[in-house]
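Let us walk through this structure step by step.

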Amino acid sequence: MPMSEAEVFEKVKEALVEALSVDEDEVQPEAKIFADLGAESIDLLDIIFRLEKAFNIKIPRGELMPDNLLNNPEFVQNGVLTAAGVAQLKASMPHVNLTEFEQDPQVNKIMDLFTVQTLVSYASSKVNQ
Amino acid sequence: MRWIWIDRFTEFEPGRKATAVKNVSLAEEHLHDHWEAFPIMPVSLMVEGMAQTAGILVGQARDFKEKVILAKIAKAEFSDIVVPGDQVAYHAEIQTITADAAVTAGTVTCNGKPIGTVDLMFSHIDQNMAGVKFPEENFVFTGQFERLVAPFLETGGG
């Protein structure tokens, strides 16, 4: 049976509250996981484990966040994603809205792409596929 | 000096769960200042005791080939104090283990009574540091740690 986005959001919220020790009302769809909710890199793994358990899904390495993108000179030059890099990011993260990022694709803004909504969209696509 | 905050394993099921005990003694120097008039076992050292219990469990699950580093204290809650003469037991269970990391859930008991919860996350650092090279030898699991668990890993009655 398909799961509604609201149901997915509730489970994602629970995972984030537990993993990041944030208040429930801080977990809004537009909240950035790193900048707003204070996550550090290790928290991403913690969040992945909690989502896997909550939704009974497998999240393969590199699927939620592409690996091998940032250290490839074809994709990154002078701290900015090349056209090929943006295309690669789009292909590997279909669950992320890149419209704004594409205007100024700086590497140090990639983390801001991870919002609560990103996780909700990703989890929805996994449980309802 | 030995930075070992568990005395002995009393249970060790490879890849699943383990229990280690720690006997708290007034001969331990850290209790003399914490506090002189009312010595109690520091909670931070009980978190370390759980990290050693769970960390050895996680390390053994990969045959001590990975360098297992405590990455995150997801939860540490204690409801009572521990004083000299008490025996603390750390019960750790693996919740998740992957190539990158492991998550453990832990309960702390004092003389058999539950007094705390310590949930931890460990990183297999060689898999997680984006190409940063660490020494070949495993500096996490030294002989001291392996000897603690050795009695549970010997088979064939040896």
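A polar contact is a pair of N or O atoms within 3.5 Å; within protein, one atom must be able to donate a hydrogen and the other to accept it. Keep that in mind as you look at this predicted model. Between chain A and chain B, four residue pairs are in polar contact, with both residues at pLDDT 80 or more.

Now look at which part of chain A does the touching. Helix 2 of chain A, residues 41-55, gives the most to the side that touches chain B. Its share is seven residues. By class, this side of chain A has four nonpolar and five charged residues, and no polar ones.

Charge also shows up in pairs across the two chains. There are two salt bridges between chain A and chain B. Asp43(A) forms a salt bridge with Lys72(B). Their closest N and O atoms are 2.6 Å apart.

How many residues of each chain are in contact? Nine residues of chain A contact 14 residues of chain B. The area buried between the two chains is about 960 Å². Carbon and sulfur atoms give 56% of that area. In chain A, Ile42(A), Phe49(A) and Arg61(A) lose the most area to chain B. Together they make up 54% of what that side buries.

Next, the core. In soluble globular proteins, nonpolar side chains tend to be buried together. Here, the largest nonpolar core has 40 residues. Val12(A), Leu16(A), Leu20(A), Ile33(A) and Val116(A) touch the most other members. Helix 1, helix 2, helix 3 and helix 5 of chain A each give two or more residues to this core. Helix 1 of chain A gives the most, with seven residues.

Key: Residues numbered from 1 in each chain as written. Chains lettered and ligands numbered in written order. Predicted model: local features only at pLDDT ≥ 70, side-chain atom pairs only at ≥ 80, totals over all residues. Heavy atoms only, no water. Contact = heavy atoms within 4.5 Å. Buried area = accessible area lost by both parts, 1.4 Å probe. Salt bridge = Lys/Arg side-chain N within 4 Å of Asp/Glu carboxyl O. Polar contact = N/O pair within 3.5 Å; in protein donor to acceptor, adjacent residues only side chain to side chain. Helix = DSSP H or I, 4+ residues; strand = E, 2+ residues; numbered from the N terminus. Nonpolar A, V, L, I, M, F, W, Y, C, P; charged D, E, K, R; others polar. Core = buried A, V, L, I, M, F, W, Y, C linked by side-chain atoms within 4.5 Å. Buried < 20%, exposed > 50% of the residue type's maximum accessible area, 1.4 Å probe, protein only.
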